[in-house]
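Hi,

Here is the structure I promised to pass on. My notes on it follow below.

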Amino acid sequence: MSELKERLRADMTAAMKERESTRTGVLRMALSAIGAEEVSGERARELSDEEVRGVLSKEVKKREESASAFDSAGRAEQATAERAEGDILREYLPAQLDDEELTRVAKEAVSEVASELGETPGPKQMGQVMKVANAKVAGRAEGGRVAAAVKAELNG
């Protein structure tokens, strides 16, 4: 079993003992989403820590989208609750890159692709640059942010 999944289970048990209902519910939901991912596909399998992080990232994104929808509908209390759930899940994810670090990673990716191609890549090579950049980012930034940084480097 992945270390991260084991940690989630242990933390859920601790939250249950401490009667932290929100934390217990969020961790139970996360473990349920991980379990659903494990049995999806042709046959059941154990997820790696990286795959578990991917599931948790999706769940955080769902919380952010829900919070935005609640804000738009004037339901601040529900939006705050969704953000709190997202914060609990973020504890299990690697720290996110700030804009400066993300720009540096995008520059490195562009220069790596440039050395492979023998010329400076343009917008047509964005896919190649994104592949390198995503490998360097390794889940520490959302895909949209990575794409924006890479696009800025390619067009700049």
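In α2, Thr 22, Arg 23, Val 26, Leu 27, Met 29 and Ala 30 meet Glu 85, Ile 88 and Leu 89 of α4; contact here means heavy atoms within 4.5 Å. Helices are DSSP runs (H or I, at least four residues), numbered from the N terminus. The axes of these two helices, α2 and α4, come within 10 Å and cross at roughly 65 degrees. Axes are lines fitted to C-alpha atoms, for helices over the stretch in contact, with angles from 0 to 180 degrees between N-to-C directions. The crossing of α2 past α4 is right-handed, meaning that the near helix is turned clockwise from the far one by less than a right angle.

Before going on, please keep in mind that this is a predicted model: local features need pLDDT of at least 70, side-chain atom pairs count only at pLDDT 80 or more, and totals for chains, interfaces and linings use all residues. Residues are numbered from 1 along each chain as its sequence is written, and side-chain values use heavy atoms, with hydrogens and water left out.

Now the cores. A nonpolar core is a set of buried Ala, Val, Leu, Ile, Met, Phe, Trp, Tyr and Cys residues joined through side-chain atoms within 4.5 Å, where buried means under 20% relative accessible area (1.4 Å probe, protein chains only). The largest one has 18 residues, and Leu 8, Leu 27, Ile 34, Val 52, Leu 56, Leu 89 and Tyr 92 have the most contacts inside it. At least two residues of this core come from each of α1 (3-17), α2 (21-39), α3 (49-72) and α4 (76-90), and α2 gives the largest share, six residues. Apart from this core lies another, of 17 residues, including Leu 102, Ala 133, Ala 149 and Leu 154.

Just after α5, Gly 118 takes a positive phi of about 85 degrees.

Finally, Val 132 is found in α6 and is buried, with a relative accessible area of 17%. Val 132 touches Ala 109, Glu 112 and Val 113, leaving aside residues up to four places away in sequence.

Best wishes

Definitions and conventions. Buried < 20%, exposed > 50% of the residue type's maximum accessible area, 1.4 Å probe, protein only.
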